[in-house]
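Hi,

Here's the structure I promised to pass along.

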Amino acid sequence: MTVRNGTPKTGTRGLIFNEPLLWEKGAAGRTGFPLPADDVPQAPQPNGAADKALDFPELSEVDVVRHYTRLSHWNFSVDSGMYPLGSCTMKYNPKTNERQASLPGFAQAHPLLPEALSQGPLKMAYDLERYLAHITGMDAVSLQPAAGSQGELTGMLLFAAYHKSKGEKRTKILIPDTAHGTNPASAALSGFMAIPLKSNDDGILEPSSVAELMDEDTAGIMVTNPNTLGLFEKNIREVVDIVHSKGGLVYGDGANMNAIMGVVDMKESGVDVLHLNLHKTFSTPHGGGGPGSGPVCVTRAMEPFLPVPRIVEKNGRYQFDDDYPLSVGRLHAFYGNFSILVRAYSYIRSLGPELKKVSQLAVLNANYIKEKLKDTYHLPYDQPCMHECVFTDKNLAPLKISTLDVAKRLMEYGFHPPTVYFPLVVSGAIMVEPTETECKADLDAFIDAMKAIAAEAESDAQQLHEAPTITKVRRLDEVTAARKPILKG
Ligand SMILES: *Cc1c(COP(=O)(O)O)cnc(C)c1O
């Protein structure tokens with residue numbers, strides 16, 4: 001099949017491997033390596049367990065390597081093409097990070113070794129905390145939380161602990177309608193009631209709406225800045241002042257930090273607690289359900305509540321310290337997802353002051369796409385954006401083409417679809433975040449593909465409704481796929 005009306009530069013056509021389950025593939029007697037003959041007497045097994053043959057597949061090493069390599073080709077990844085998934089910062093993960101994380105001193109460090117034998121890993125974690133504090137402008141950091149959402153949960157526990165220390169129990173948290181779904185979930189999980197806050201016609205927070213809802217029963221507000229429309233919250237200082245004046249706290253969802261590293265001082269902007277997503281901004285692997293990391297950065301006033309243990313330095317020696325009586329406790333075993341921390345450390349050390357350029361380029365790339373596509377796709381907020389821009393399917397609606405059709409067809413042009421139907425305040429949203437790691441030629445290829453699809457909406461709507469036809473699976477019944485997944489290849 002040819003891709004019409006466009007240059008099929010990076011299309012998804014080509015080999016698609018069929019691959020059976022390991023059980024179907026194996027054959028009795030195959031092994032990866034030979035074991036020496038059994039030369040000890042069999043011990044009796046409880047309940048005749050030895051008689052029951054375990055249903056393990058029997059395979060050679062080549063079988064196993066090919067199986068997983070073939071399965072890996074079913075996935076689209078940042079290593080195979082552009083992945084402009086808005087709000088997710090799917091940036092390239094530099095391979096030097098992997099190299100540093102596999103250094104034996106890190107990779108083979110046993111978490112139960114005494115501190116005296118773990119000085120290198122402890123110093124790395126300590127320095128990473130200092131770097132993240134420097135990058136955000138905040139005072140103290142805990143690397144324990146394993147995801148952005150767990151960082152939010154930590155933040156909400158910190159809010160509760162702070163108010164408790166003041167002899168107060170506040171019950172509500174303000175959450176803008178542009179927030180990521182994890183924000184209200186984290187607030188609810190920590191026992192707060194999430195109060196929705198409407199953004200204004202420009203897609204940002206209006207101080208008067210905050211003033212209307214903010215009272216002395218409200219623990220604070222969760223603000224994502226830049227927000228999930230890719231817009232900078234210009235009124236942040238006024239919002240902060242309103243919340244602080246009622247004794248509330250400001251939570252910064254820093255998942256979008258990729259737009260503002262080295263540019264915005266988060267403490268200066270009034271944030272009390274902020275999480276970062278190392279698997280977004282700091283180039284550690286993202287997706288596939290693998291380990292993430294969501295460090296929490298706080299002001300000096302919030303530091304006593306941070307999770308324990310903390311890493312402290314005394315006379316050049318690094319050690320864990322549990323002696324923080326107001327702490328919310330432990331959030332993760334040991335000290336977070338350690339090997340992910342090494343990767344983020346490697347990224348920061350590779351770039352140093354150039355991190356600012358990362359954000360500048362991420363913003364430039366998003367604005368380039370916005371300007372190039374805004375005559376083709378409806379742009380609900382026509383103003384300079386930060387790291388991502390949001391279009392809709394409004395122009396295509398008369399042709400009966402939806403955001404979903406565009407997303408599915410993009411796969412045939414070789415691009416991972418952008419985030420769709422989020423944020424919820426934009427009907428039919430198509431949210432594009434190219435990141436700084438895409439070059440102009442690749443941005444242009446994406447723009448060409450988006451334009452070609454808009455042209456197809458006029459000339460060949462049927463093709464768009466049927467897409468994708470050349471991928472491993474066609475258009476899925478997503479509800480049934482989620483409710484009754486069939487995992488067999
Ligand atoms: C990704 C994201 C989160 C949640 O982070 P996870 O690491 O996926 O738990 C929260 N807020 C925003 C704005 C995000 O983009």
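S10 and strand S12 (residues 430–432) are paired in the antiparallel sense, over three bridges. Here two strands pair if DSSP finds at least two bridges between them, and strands (E, at least two residues) and helices (H or I, at least four) are DSSP runs numbered from the N terminus. One caveat before the rest: this is a predicted model, so local features need pLDDT of at least 70 and side-chain atom pairs count only at pLDDT 80 or more, while totals for chains, interfaces and linings use all residues. Residues are numbered from 1 along each chain as its sequence is written, and side-chain values use heavy atoms, with hydrogens and water left out.

Back to that pair: Phe 391 sits opposite Ile 430 in S12. The whole sheet is open and antiparallel, with three strands in the order S10-S12-S11. Strand S10 (389–391) and strand S11 (419–420) are the edge strands, each pairing on one side only. Helix H11 (residues 355–373) packs on this sheet and touches S10 and S12, its direction making about 25° with that of S10. Contact means heavy atoms within 4.5 Å; axes are lines fitted to C-alpha atoms (for helices, over the stretch in contact), and angles run from 0 to 180 degrees between N-to-C directions.

**The seven-stranded sheet**

The other sheet I looked at is open too, with seven strands in the order S1-S7-S6-S5-S4-S2-S3 and mixed pairing. Strand S1 (140–142) and strand S3 (193–197) are at its edges with a single partner strand each, so one side of each has no neighbour in the sheet. From one strand to the next, the twist averages 25°.

Strand S2 (residues 172–176) and strand S4 (residues 218–224) pair in the parallel sense, over three bridges; Leu 174 has Ile 221 in S4 as its bridge partner. Helix H9 (residues 236–245) packs on the sheet, touching S4 and strand S5 (249–253), and its direction makes about 140° with that of S5. Helix H5 (residues 119–136) lies across S1, strand S6 (273–275) and strand S7 (296–298), running at about 125° to S1.

**The ligand**

Which distances involve an oxygen atom of the ligand?

- 2.7 Å to a backbone N or O atom of Ser 87
- 3.0 Å to an N or O atom in the side chain of Asn 277
- 2.7 Å to an N or O atom in the side chain of His 279

Taken alone, the ligand exposes 380 Å², and the protein buries 89% of that (Shrake-Rupley areas, 1.4 Å probe).

Most residues other than glycine have a negative phi, and most peptide bonds are trans. The peptide bond from Asn 225 to Pro 226 is cis, with omega near 0°, and Pro 226 is in the loop between S4 and H9. The bond from Phe 422 to Pro 423 is cis as well, with omega near 0°; Pro 423 is in the loop between S11 and S12. Phe 334 has a positive phi, near 50°, and lies in the loop between strand S9 (317–321) and helix H10 (338–351).

Cheers

Conventions:
Polar contact = N/O pair within 3.5 Å; in protein donor to acceptor, adjacent residues only side chain to side chain.
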